[in-house]
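Hello,

Here is the structure we talked about. Please have it open while you read the notes below.

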Amino acid sequence: DIRLIWGDFLHLSHPKCHLPLRSSEKPIFWFLSGGTLGNLSEKKFFESLGEASAKGDHLVLGVSTVGTDTKRADPEEISKRYQSKAVQGLVSAHLGRVLKSIDQNASGEMASKHLQPEFITGVKLGITDVPRSYSVVMKATISDQSVAVFNHTSYCPDSLVEYAASF
């Protein structure tokens, strides 16, 4: 029996979040697809899930992982992944609209040429709350203003499990 949740991941116990009612003592399998957790506050997500779940429930979570030592993660190699034509093409139209509000002469093509990755290890700058993780933040600078376009966080599996269990 599969039931969908309609609501905010960060406020699962809120009355406006339409959670499926437990129809039996069977556990619920919570599922969050890959790439989503890194765009949320992990703390708020796990607090919310902790309030809405019950003993015996399970979480299936798709995330990017890094080995147990983030020092082995090569910032240059990881950053290259985000400088590809595919990534630039994906963000150029949307980024162009945002940057046009800053500079009327900006365009998506112009913006994509200014994309620069910033590699952040561990719990810094509020990007992630999970120790031994890393994030790549793609930024564009137009007219001396920096705009964070998107970020991607990868997690050390043991650290993520330990962090989630604390809620």
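In which strand is Ser154 found? Ser154 sits in strand β6 (residues 145–155); helices (H or I, at least four residues) and strands (E, at least two) are DSSP runs, numbered from the N terminus.

Before the rest, two notes on the source. This is a predicted model, in which local features need pLDDT of at least 70 and side-chain atom pairs count only at pLDDT 80 or more, while totals for chains, interfaces and linings use all residues. Residues are numbered from 1 along each chain as its sequence is written, and side-chain values use heavy atoms, with hydrogens and water left out.

Surroundings of Ser154

With a relative accessible area of 2%, Ser154 is buried (buried means under 20% relative accessible area, exposed over 50%, partly exposed in between; 1.4 Å probe, protein chains only). Its side chain makes a polar contact with the side chain of His152, at 3.3 Å. A polar contact here is a pair of N or O atoms within 3.5 Å; within protein, one must be able to donate a hydrogen and the other to accept it, and residues adjacent in sequence count only if both atoms are side-chain atoms. Not counting residues up to four places away in sequence, Ser154 touches Ser64, Thr65, Val66, Ser133 and Tyr134 (contact means heavy atoms within 4.5 Å).

Aromatic pairs

There are 4 aromatic pairs in the structure. Rings of Phe, Tyr and Trp (its six-membered ring) pair if their centres lie within 6.5 Å; planes under 30 degrees apart count as stacked, over 60 as edge-to-face and the rest as tilted. Phe45 and Phe46 form an edge-to-face pair, because their ring centres are 5.1 Å apart and their planes are at 65°. Phe46 and Tyr163 are also edge-to-face, with centres 6.1 Å apart and planes at 70°. Phe46 lies in helix α1 (residues 42–52) and Tyr163 in helix α5 (residues 157–165), so this pair ties together parts that are 117 residues apart in sequence. Phe46 is buried at 4% relative accessibility, and Tyr163 is buried at 14%. Ring pairs join Phe45, Phe46, Tyr163 and Phe167 into a cluster.

Nonpolar cores

A nonpolar core is a set of buried Ala, Val, Leu, Ile, Met, Phe, Trp, Tyr and Cys residues joined through side-chain atoms within 4.5 Å. The largest has 13 residues, and Leu37, Phe45, Phe46 and Leu160 have the most contacts inside it. β1 (29–32), α1 and α5 each supply at least two residues of this core, and α1 gives the most, with 4 residues. Apart from this core lies another, of 11 residues, among them Leu115, Phe119, Val136 and Cys156.

Regards
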